[in-house]
Amino acid sequence: MRMEFLQRSFWAATQQCGAAEGPCPESCQDSDLDCFIVDNNGFILISERPQEVGRFLGEVDGALVTQLLSMGVFSQVTMYDYQAMCRPPTHHHSASQPLVSPISALLTATRWLVNELLLLLLEWRAWGSWRGDHGAEAKTVFHHSHKHKKQDLLQPCDTAYPVFVHQTAVREANGTVECRACQKSFVMQQVPSSNLLLLVTDRTCDCSIFPPVLREAEEVKYILWGSMTSAHNASVKCSRMRSQKLRRRPDTCHAFHPEENAQDCGGASDTSASLPLLLLPLWAWVLLSQLLR
C-alpha cells in the first residue's frame, strides 16, 4: 500500500459520518484542527504536513506528548544499546602545562614545526609531477582529511535512550493542555484492529512554552565510586553481563550431508607451484639483458 493511498483513505474517512447525522460538522480538513495518525510508539504515519511523517510526535508537539504521558496514555521505557558508537571525551589541557614541563613544550613546538613544514611543501608543489592547481588541491585535501580524522573519531560504548509505548488498555482519551493564554484541547482514539492512534488537537492555541520531547541517546557511564550512582551502575553492568552469555556449541556435530561430495573437500592441499610460472621472471630478465647489449 502506497503512503499516498493511505493518506487519501484517511482524509476521506474523517469526512464520513453516519447517515442520520449527514455531513460531518468538523473534519481534519478544517484549518483550526491538527490530525495525526501515530503508531503505538508515537511515530507519525499521517500528517497534514508531509515533512512531519516519520518523525516522533514529541518533536512536533511536545505539549501533547507531555500531557499524554501524565495521563498514562503513553509510558516511557528506557532501552539500552550495547553496540553504539560514541565520541571519546575531550581532555582540555591547561595552558600552564608547558611552563611546568619543558618536554611538553618541546613536543608541542616540534609538532607545530612539522605541520608547518608539511604545509609549506604542499604550497611549493614539491610533490613530484604535481603542477598548477594541484598544490592548492593537495592542501585542501590535507586539511579536509585532517579535520575529518578529528571529527569522525568514535569508540564503542553503551547508550540509553527513551522509548514511548502506548498503553493498550487506554483506547480513548481527551483533555486539555494549560498554556499561557489558552487551553489546547485534544482527543485520542485507537484505530480498531491496529496499533494506530488518531489524535486531533486544537491548532489555534500556542503551546510553545512546552519544550519538545526528544529521544536522544545518552552514553552510560560505569562509575565505580559513589553510593547511589555506584549501586545503579553496578546493577546495570551486572544485568548486562548476565544477558551477554557465552555462546554454547551444538549438542551434536553434523559433519556429513548426503548431497555433499566428499571428494570436493580438501582439494587445496593438492595444489603445487607451476614450474613455467616460476621460470617466467628468469626468462624475462635474460631476454631483457640480451636486448640491452
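The torsion about the S-S bond of Cys-182 and Cys-205 is about 85°, so this disulfide is right-handed. The pair joins distant parts of the chain, 23 residues apart: Cys-182 sits in the loop between β5 and β6, and Cys-205 in the loop between β7 and β8 (218-219). This is a predicted model, where local features need pLDDT of at least 70 and side-chain atom pairs count only at pLDDT 80 or more, while totals for chains, interfaces and linings use all residues. Residues are numbered from 1 along each chain as its sequence is written, and side-chain values use heavy atoms, with hydrogens and water left out.

**Disulfides**

- A search of the whole structure finds 4 disulfides; the term means a pair of cysteine sulfur atoms within 2.5 Å.
- The sulfur atoms of Cys-182 and Cys-205 are 1.9 Å apart.
- Cys-182 is partly exposed, with a relative accessible area of 25%, whereas Cys-205 is buried at 6%. Buried means under 20% relative accessible area, exposed over 50%, and partly exposed in between (1.4 Å probe, protein chains only).
- Cys-86 and Cys-157 also form a disulfide, with sulfur atoms 1.8 Å apart. The link is right-handed, with 65° about the S-S bond.
- Cys-86 lies in strand β3 and Cys-157 in strand β4, so this pair ties together parts that are 71 residues apart in sequence. Helices (H or I, at least four residues) and strands (E, at least two) are DSSP runs, numbered from the N terminus.
- Cys-86 is buried at 8% relative accessible area, and Cys-157 is buried at 7%.
- Cys-28 and Cys-35 are bonded with their sulfur atoms 2.0 Å apart. Here the link is left-handed, with -95° about the S-S bond.
- Cys-28 is buried at 4% relative accessibility, and Cys-35 is buried at 2%.
- Cys-253 is exposed, with a relative accessible area of 71%.

**Largest pocket**

- About 610 Å³ of space lies in the largest pocket. Of the 30 residues that line this pocket, the closest to its centre are Thr-14, Cys-28, Gln-189, Leu-198 and Val-200.
- A pocket is found on a 1 Å grid over the protein atoms alone: an open set of points where a 1.4 Å probe fits, with protein on both sides within 12 Å along at least five of seven lines; lining residues have an atom within 4 Å of a point. Its volume is the space filled by probe spheres set on the points, which are joined across faces, edges and corners.
- β6 gives the largest share of the lining, 6 residues. At least two residues each come from α1 (3-13), β1 (33-38), β2 (44-47), β5, β6 and β7.
- The lining divides into 18 nonpolar, 8 polar and 4 charged residues. Ala, Val, Leu, Ile, Met, Phe, Trp, Tyr, Cys and Pro count as nonpolar, Asp, Glu, Lys and Arg as charged, and the others, Gly among them, as polar.

**Helix α3**

- In α3 (residues 62-70), the buried residues are Gly-62, Ala-63, Leu-64, Val-65 and Leu-68.
- Their cover includes α2 (57-60), β3 (74-86), β5 (172-178), β6 (183-190) and β7 (197-202).
- At the start of α3, a side-chain oxygen of Asp-61 comes within 3.4 Å of the backbone nitrogen of Ala-63.
- Gly-72 follows α3 and has a positive phi, near 80°.

**Thr-159**

- Thr-159 is in strand β4 (residues 155-166) and is buried at 7% relative accessibility.
- Not counting residues up to four places away in sequence, Thr-159 touches several residues, including Cys-86, Tyr-80 and Val-220. Contact means heavy atoms within 4.5 Å.

Conventions:
Polar contact = N/O pair within 3.5 Å; in protein donor to acceptor, adjacent residues only side chain to side chain.
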